[in-house]
Amino acid sequence: MPTPTTSSGYWYGDGAPRAAVEVLEALRAYRAAETAMRRRTRDEMGMGETDLLALRHLLEAARSGRTVSPRDLAARLGISSASTTTLLDRLTKSGHVRREPHPTDRRALIVTATESADREVRATLAAVHERMMAAAQSLTPEQAEVVAGFLHRMRDAVDGGGPSGG
């Protein structure tokens with residue numbers, strides 16, 4: 001028996017299987033909700049997108065015991081050294097990061113998130129992270145494996161090098 005199709009051919013083409021379209025539309029709705037949440041978070045913290053990405057990277061590095069240099073941060077964010085300096089000046093002034101001497105190379109600096117920045121991020125995102133974890137924990141192990149596999153395949157599909165995958 002053929003899979004039912006939807007008439008929404010704009011994004012997926014005429015005759016796309018309805019179940020596949022529903023999954024992609026649910027994924028699109030999730031992405032829109034996550035984008036809105038990130039915007040609210042930036043607004044609440046008074047930060048730009050790059051500021052928040054930098055802070056997230058610094059907090060992740062600290063949790064895993066890694067040090068981050070300004071050059072490392074620039075590479076991670078895909079920004080110039082001049083933009084990194086401006087970013088770090090802004091985040092230092094706001095009390096979110098510190099520039100410190102490198103522990104083994106006295107000529108170099110490392111950048112760390114402050115404890116107050118960590119607390120602010122946790123307080124701002126705690127409720128949404130709890131709801132996300134509850135949703136993930138509602139899955140059986142088998143469902144979680146299927147969802148994780150699907151999301152990895154979607155990541156690979158969109159990470160193909162450009163809009164046309166080339």
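Tutor: In this predicted model, the axes of α3 (49-63) and helix α5 (residues 81-93) come within 11 Å and cross at roughly 80°. Angles of 65 to 115 degrees count as roughly perpendicular, so α3 is roughly perpendicular to α5. On the α3 side, the residues that meet α5 are T50, D51 and A54. Their partners in α5 are L87, R90 and L91. By class, the contact of α3 with α5 is made up of three nonpolar residues, one polar and two charged.

Helix α5 has another neighbour to consider, helix α4 (residues 70-77). These two helices pack at an angle of about 110°, and their axes are 10 Å apart. The pair α4 and α5 is therefore roughly perpendicular as well. From α4, the contact takes P70, L73, A74 and L77, while α5 contributes T84, L87 and L88. Six residues of the contact of α4 with α5 are nonpolar, one is polar and none is charged.

Now go back to α3 and look at the second largest pocket, to which α3 contributes. The volume of this pocket is about 530 Å³. It is lined by 20 residues, and those closest to its centre are M37, R38, R56, L125 and H129. α2, α3 and α6 each supply at least two residues of this lining, and the largest share, eight residues, comes from α3. Sorted by class, the lining of the second largest pocket holds 10 nonpolar, two polar and eight charged residues.

The axes of helix α2 (residues 18-45) and helix α6 (residues 115-137) come within 10 Å and cross at roughly 160°. Because angles over 145 degrees count as roughly antiparallel, α2 is roughly antiparallel to α6. Their crossing is right-handed. In this contact, α2 uses Y30, M37, T41, E44 and M45, and α6 uses E120, V121, T124, L125, V128 and M132. Seven residues of the contact of α2 with α6 are nonpolar, two are polar and two are charged. M37 and L125 take part in this contact, and both are also among the residues closest to the centre of the second largest pocket.

Helix α2 leads on to one more feature, the largest pocket. Its volume is about 720 Å³. Of its 19 lining residues, L27, R31, F150, L151 and M154 are the closest to the centre. α1 (9-12), α2 and α7 (141-158) each supply at least two residues of the lining, and α7 gives the most, with nine. The lining of the largest pocket counts 15 nonpolar residues, one polar and three charged.

Key
Residues numbered from 1 in each chain as written. Predicted model: local features only at pLDDT ≥ 70, side-chain atom pairs only at ≥ 80, totals over all residues. Heavy atoms only, no water. Axes fitted to C-alpha atoms, helices over the stretch in contact; angles between N-to-C directions. Helix = DSSP H or I, 4+ residues; strand = E, 2+ residues; numbered from the N terminus. Parallel < 35°, antiparallel > 145°, perpendicular 65-115°, else oblique. Left-handed = near helix turned anticlockwise from the far one by under 90°. Contact = heavy atoms within 4.5 Å. Nonpolar A, V, L, I, M, F, W, Y, C, P; charged D, E, K, R; others polar. 1 Å grid on protein atoms, 1.4 Å probe; cavity = no way out; pocket = protein on both sides within 12 Å on 5 of 7 lines; lining within 4 Å. Points joined across faces, edges and corners; volume = space filled by probe spheres on them.
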